[in-house]
Amino acid sequence: MDSELIPEGVQRCSLGKFLLWIGVVSVVLLWGVYGMILCWAKGLNQTNMNNAFGFALWIWADLAVIALGGGAFFTGFLRYIVGKKELKNIINYAVLIGFICYSSALLILAIDIGQPLRGWFIFWHANVHSMLTEVAFCLSCYFGVLTIEYLPLILENRQIDKIPFFHNLSHNMHEVMAVFAATGAFLSFFHQGSLGGVAGVLYGRPFGFREGVLIWPWTFFLFTWSAAACGPCFTILITKITEKVVGKKLVKDNVVELLAKISGWMLLTYITAKIIDTLYWAYVTAPKMGFTLDQFYTNNPGSAYGYWILIMEVIVGGVIPALILVTRKGRQTPLLLWIAVILACVGVSLNRWVMVLQVLAVPVLTFENWFTYFPSWQEIATTILPVAYGTILISLSYRYLPIFPQESELNPPPEELLSEAETVQKEAIEQDMASQDLTPAESAG
Amino acid sequence: MFPFSFEWTWDMSHYVFHGGLWYALSIIGLGMTYCIGKSAYDTITGKGGHHEDH
């Protein structure tokens with residue numbers, strides 16, 4: 001029924017099966033939308049945020065998806081600025097994942113600000129002394145860039161591409177894509193950094209506070225670095241999940257391996273810098289402010305923030321995946337690659353959790369106890385909402401747009417396979433004939 | 001915010017923040033204007049190309 005919309009040379013499931021899949025995911029989506037409507041209609045009393053936790057699950061989700069969506073800007077940077085041509089086979093998917101991540105981040109922020117009708121205030125009545133203002137500026141602009149990068153893909157749909165203007169628009173956008181990619185890299189560098197800078201400049205909260213260069217704390221650079229390292233891991237992870245779901249190979253191994261290798265070295269250098277930063281903070285910065293490392297990781301309810309979280313973030317989610325990805329054998333072994341990209345994504349998400357929630361949970365005054373927080377179901381539903389939205393958008397894009405340029409080559413249609421087999425058989429018979437000096441009939445006989 | 005807004009102050013913070021914002025918006029705006037304009041021209045004149053890099 002929708003075969004005219006499906007890219008040429010690829011196989012897709014039946015429309016009924018596809019609609020059933022979309023229907024199932026839509027149930028989750030609607031649950032999130034219901035939570036969102038409650039938050040907008042009744043206000044932020046629908047959440048479990050309080051005076052201690054002005055930043056909570058939503059802001060963590062925001063920072064996590066922005067870090068994971070970093071694959072778009074870094075892959076774009078590598079493809080268009082550095083000139084890694086092999087990455088053209090995965091850049092479309094990186095852009096789509098980035099688009100989903102950033103639109104999700106903006107959606108979560110629209111819920112979090114309580115009154116979305118006043119969302120434009122941050123642009124018009126900007127507080128030019130706040131890193132969050134810079135984040136809002138860059139985030140919005142970068143979402144514009146991602147939309148521009150995603151648009152040519154939509155225009156390449158079989159039916160849309162038949163319209164000359166859209167065909168030319170898609171072509172012309174590809175021609176100047178390097179300019180947009182460079183702008184995206186510039187914007188990403190600053191907003192990823194400023195998100196880290198927010199925690200780093202909190203001199204009243206020694207758990208988050210870091211020293212740095214001029215106005216930028218070290219967390220500014222670490223956040224950008226970690227996003228550039230782990231974003232591509234998320235792109236690889238989603239690519240691998242998609243391949244498992246559809247039961248096909250979509251990207252050649254050499255492309256994934258190149259991205260994994262670059263990501264591995266970025267992760268290794270990042271985690272080295274992170275370890276140095278942590279040691280300096282633990283032995284110099286925090287003691288200078290009257291705190292010991294133990295105070296940040298002990299005596300909290302249920303040991304929710306024990307030393308385990310530091311080990312989990314730095315060693316399990318940083319050192320181990322970095323060592324796997326920088327070795328050829330690690331990258332080429334499917335199981336190890338899966339483990340590495342999953343651990344890297346968990347590691348960076350945990351880092352954002354620590355820098356948003358543990359910062360607020362640690363007591364800073366002698367008479368205070370640890371602050372606790374557990375999200376309400378509305379917060380959980382609206383945080384899961386982007387996952388359902390992302391799944392639907394990926395499903396639609398995979399079905400109707402040429403997201404994977406290597407798909408048809410890697411998965412030739414059955415008739416092509418048959419004709420290939422026939423050709424091979426024919427060549428074998430001809431060789432046989434030539435060697436034995438027989439006629440075709442004699443050879444077949 | 002624009003310089004003619006009553007809240008505007010001619011200081012470094014406003015230059016940096018809003019300068020960066022307008023710089024990014026200008027590139028995006030000019031880039032898209034160029035693409036749309038050239039596409040309209042190509043369509044009218046019957047020119048056009050094929051992109052290899054998807």
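pLDDT is the predictor's confidence in each residue, on a scale from 0 to 100.

**Figure 1. A stretch of chain A to treat with care.** This is a predicted model, and residues 440–445 of chain A have a pLDDT that stays under 50. For this stretch, the model has five contacts beyond four places in sequence. Where pLDDT is low, the predicted coordinates should not be read in detail. For the chain as a whole, chain A averages a pLDDT of 91, and 93% of its residues score at least 70.

**Figure 2. Chain B meets chain A.** Here we look at where the two chains touch: 27 residues of chain B are in contact with 31 residues of chain A. On the chain B side, that makes twelve nonpolar, eleven polar and four charged residues. As for chain B itself, its secondary structure comes to one helix and zero strands. Of its 54 residues, 9% are buried. Its mean pLDDT is 87, with 87% of the residues reaching 70 or more. The model as a whole scores ipTM 0.89 and pTM 0.90.

**Figure 3. Helices H2 and H4 of chain A, side by side.** H2(A) covers residues 57–68 and H4(A) covers residues 91–112. Their axes sit 8 Å apart, and the helices pack at an angle of about 165 degrees. Angles over 145 degrees count as roughly antiparallel, so that is the label for H2(A) and H4(A). Their crossing is left-handed. Who does the touching? From H2(A), the list includes Trp58(A), Ile59(A) and Val65(A); from H4(A), it includes Cys101(A), Ile108(A) and Asp112(A). Sort the residues of this contact by class and you get eleven nonpolar, one polar and two charged.

Figure 4. H9(A) runs over residues 218–246, and H14(A) over residues 334–361. They pack at about 130 degrees, with axes 9 Å apart, which makes H9(A) oblique to H14(A). This crossing is left-handed. Among the residues that meet here are Cys230(A), Phe234(A) and Lys240(A) in H9(A), plus Trp338(A), Val348(A) and Asn351(A) in H14(A). The class count for the contact is eleven nonpolar, two polar and one charged.

**Figure 5. Leu214(A), a leucine with a positive phi.** Leu214(A) isn't a glycine, yet its phi is positive, at about 50 degrees. Where does Leu214(A) sit? Look in the loop between strand S1 (212–213) and strand S2 (216–217) of chain A. Is Leu214(A) buried or exposed? It has 5 C-beta neighbours inside 10 Å, so it counts as exposed.

**Figure 6. Asn299(A), another non-glycine with a positive phi.** The phi of Asn299(A) is near 60 degrees, a positive value in a residue other than glycine. You'll find Asn299(A) in the loop between helix H11 (293–297) and helix H12 (307–326) of chain A. Residues with 12 or fewer other C-beta atoms within 10 Å are exposed; Asn299(A) has 12 C-beta neighbours inside that distance, so it counts as exposed.

**Figure 7. Ile275(A) in helix H10.** This isoleucine belongs to helix H10 of chain A, which covers residues 253–288. Ile275(A) has 14 other C-beta atoms within 10 Å, so it is partly exposed. Now find Gly317(A), 42 residues away from Ile275(A) along the chain. The C-alpha atoms of Ile275(A) and Gly317(A) are separated by 13 Å.

Notes:
Residues numbered from 1 in each chain as written. Chains lettered and ligands numbered in written order. Predicted model: local features only at pLDDT ≥ 70, side-chain atom pairs only at ≥ 80, totals over all residues. Contact = placed C-beta atoms within 7 Å. Nonpolar A, V, L, I, M, F, W, Y, C, P; charged D, E, K, R; others polar. Axes fitted to C-alpha atoms, helices over the stretch in contact; angles between N-to-C directions. Helix = DSSP H or I, 4+ residues; strand = E, 2+ residues; numbered from the N terminus. Parallel < 35°, antiparallel > 145°, perpendicular 65-115°, else oblique. Left-handed = near helix turned anticlockwise from the far one by under 90°. Buried ≥ 20, exposed ≤ 12 C-beta atoms within 10 Å, placed from the backbone.
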